[in-house]
Structures are given as C-alpha cells and as structure tokens.
Amino acid sequence: LPIRPGQEQMAHAVSDAIVHQRHVVVQAGTGTGKTIGYLVPSILSGRRTVVATATKALQDQLADKDLPFLQEHLGRPFDWAVLKGRSNYVCPQRIAELEQRADSAQAQLELDDMAAVTQAEVARLIEWSRTTQSGDAAELDWSPSDRAWQAVSVGSEECPGMNRCPSGGVCFAEMARA
C-alpha cells in the first residue's frame, strides 16, 4: 500500500494508543489519508473497533471505498459492518400496524391527514419493505418525503426494544446491529 508521511505518523500514533490502551487525538488536513491511517492499525490489532462518523458522506466513503480497498489489499482478512441510527431502517412493527389498521377508522383518519402523494409513498414503502434484505433507506432508488418515511420507521425513543417488540425478531435495525 502506498503510504503518505502524515498517514504513517497517524498509523503509528493509533497503533501505540491501541497497544497502550489510551486515547489519541489526531488532526490532519484534507488529503492526508486519515481513514487509512486509523483503519490499518485498527484492523491489524485484531481488536473489535467502532468507528463513529459525523457525516453520512464519510460513512459512505468507509463502506463503499476504504474498507473494500483494505479487504482486497491489506492481506489480512477482517469483517466489518455498517450500523446506522434506528430511524434509517424501516420498522417491521410499524408496517404491520399500518397493514392491520388499514381498514380501521383510526388508520383512515391518519391517512386522510396525509396528502395523496404521501399516502402513495407510504404504500410504495410498504411494498418495498416486503422485498428488502436490509431495510435501509439508503437502498431505495427514490427519496420518499420525510412524512412518508416517518410513517414506516421509528427513532430510538419510540422503539420499545427487541425483546418487548412483537417484531423484534425480524427488526432490520437489530439485524444490522447483530
């Protein structure tokens, strides 16, 4: 792997921090290769590592570019997964509730309160939920409105948790987490 001087310094600092079980803070400019600088020593350590990103753009860079590149070129096999916040996944329980209440007066009031376009988007999301493997909104080839997505997903404050939810065993967020 080609390595830049700043990357090498960073990789040594991260490796040293891992070995000595301490924190390290690194600041480096654009183009330094920070992701490779912290991913390589993390992978080589063999320890489970959590990388939290501030932006979806960086998360996508890691998942779509850097980690696949390292899997191919590092010469050391490793597993990795992307976990997003719960509200990025369709909620099977929310879908089940929408389908169960489809004929009820309460559901009709909720749907009547939505614009026709939003209702159509919700119906499209329900159909998609039957075929998706990940339940991740990023898998969609279209962008539903916020209102439509909120109708089929939940945030962490709304979710009762896997063990208390009737759909906990088939929850996309829980499967990603596992």
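Me: Which residues in α1 meet α2, and which ones in α2 do they meet?
Reply: In this predicted model, the α1 side of the contact consists of Q7, M10, A11, V14, S15 and I18, and these meet K34, I36, G37, Y38, P41, S42 and S45 in α2.

Me: What's the make-up of that contact by class?
Reply: The contact of α1 with α2 has seven nonpolar residues, along with five polar and one charged.

Me: And at what angle do α1 and α2 pack?
Reply: Helix α1, which covers residues 5–19, packs with α2 at an angle of about 35°, and their axes are 8 Å apart.

Me: Left-handed or right-handed crossing?
Reply: The crossing in which α1 passes α2 is right-handed.

Me: Which one gives the most?
Reply: That is α3, with five residues in the lining of the largest pocket.

Me: How does the lining split by class?
Reply: There are 16 nonpolar residues in the lining of the largest pocket, together with six polar and seven charged ones.

Me: Last topic: how many aromatic pairs does the count come to?
Reply: The count comes to one aromatic pair, formed by W128 and W149, whose rings are tilted, with 6.3 Å centre to centre and 50° between the planes.

Me: Where in the chain do W128 and W149 sit?
Reply: W128 belongs to helix α6 (residues 116–129) and W149 to helix α7 (residues 146–152), and the pair, 21 residues apart, links distant parts of the chain.

Conventions: Residues are numbered from 1 along each chain as its sequence is written. This is a predicted model: local features need pLDDT of at least 70, side-chain atom pairs count only at pLDDT 80 or more; totals for chains, interfaces and linings use all residues. Side-chain values use heavy atoms; hydrogens and water are left out. Helices (H or I, at least four residues) and strands (E, at least two) are DSSP runs, numbered from the N terminus. Ala, Val, Leu, Ile, Met, Phe, Trp, Tyr, Cys and Pro count as nonpolar, Asp, Glu, Lys and Arg as charged, and the others, Gly among them, as polar. Axes are lines fitted to C-alpha atoms, for helices over the stretch in contact, and angles run from 0 to 180 degrees between N-to-C directions. A crossing is left-handed if the near helix is turned anticlockwise from the far one by less than a right angle, and right-handed if clockwise. Contact means heavy atoms within 4.5 Å. Rings of Phe, Tyr and Trp (its six-membered ring) pair if their centres lie within 6.5 Å; planes under 30 degrees apart count as stacked, over 60 as edge-to-face and the rest as tilted.
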